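Thanks for making time this morning.

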Amino acid sequence: MSRNQGSKTIYVGNLPVDVRRRDLEDLFHKYGKIVEVDVKVPVRPPGFAFVEFGDSRDAEDAVKGRDGYSYAGSLIRVELARGSARVSHGSIRDSGEDYFSSRGSDMGSGGGSRGGRGGRDRGGGGGGGGQWARGIG
């Protein structure tokens, strides 16, 4: 099986920006006890979320049952989450970035430089980023 075997948390991608926690609970409750739902709505769609189950087998069943499912006019992507941060501790920044950087790893060395979240913390690039690093201001 995959290297994520035993994960209790799933990644749910390609979500509409108006998705709510309750919508995801309704979509996944039949697979088992849901511990936490963390919905992320980026500046640019699509939205995504992490859903943590009480048992890893429930998470695996949710992936099998909902990956490619048509939801609100889009086919959602459901996978076992990568990374070590727990959803219930608020921010999932580490596991979210692990997910995106590993998704782009087949695109050469630029995997972590895909738009969105990754560029925000790096000074914005081109022209103005170096000023912040030198402490000018």
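Let me begin with a pair you can find quickly: the side chains of Arg57 and Asp55 meet in a salt bridge, at 2.9 Å from N to O, where a salt bridge is a side-chain nitrogen of Lys or Arg within 4 Å of a carboxyl oxygen of Asp or Glu. Arg57 counts as exposed, at 55% relative accessibility, whereas Asp55 is partly exposed, with a relative accessible area of 23%; here buried means under 20% relative accessible area, exposed over 50%, and partly exposed in between, with a 1.4 Å probe and protein chains only. Salt bridges that share partners also join Arg22, Glu25 and Asp26 into one network.

Before I go on, a word on where this comes from: it is a predicted model, in which local features need pLDDT of at least 70 and side-chain atom pairs count only at pLDDT 80 or more, while totals for chains, interfaces and linings use all residues. Residues are numbered from 1 along each chain as its sequence is written, and side-chain values use heavy atoms, with hydrogens and water left out.

Helices (H or I, at least four residues) and strands (E, at least two) are DSSP runs, numbered from the N terminus. Glu25 is partly exposed, at 25% relative accessible area, and Arg22 is exposed, at 53%.

Helix H1, residues 21–28, also holds Asp23, which is buried, with a relative accessible area of 18%. Its side chain reaches the backbone nitrogen of Arg20 at 2.9 Å. Leaving aside neighbours within four places in sequence, Asp23 is in contact (heavy atoms within 4.5 Å) with Asp18 and Tyr71.

How far apart are the closest N and O atoms of Asp38 and Lys40? They are 3.6 Å apart, in another salt bridge, and of these two partners Asp38 is buried at 11%, while Lys40 counts as partly exposed at 21%.

To place these pairs in the whole, a search of the structure finds eight salt bridges. The protein has five helices and six strands, running β-α-β-β-α-β-β-β-α-α-α from the N terminus on, and 34% of its 137 residues count as buried.

Note on methods. Polar contact = N/O pair within 3.5 Å; in protein donor to acceptor, adjacent residues only side chain to side chain.
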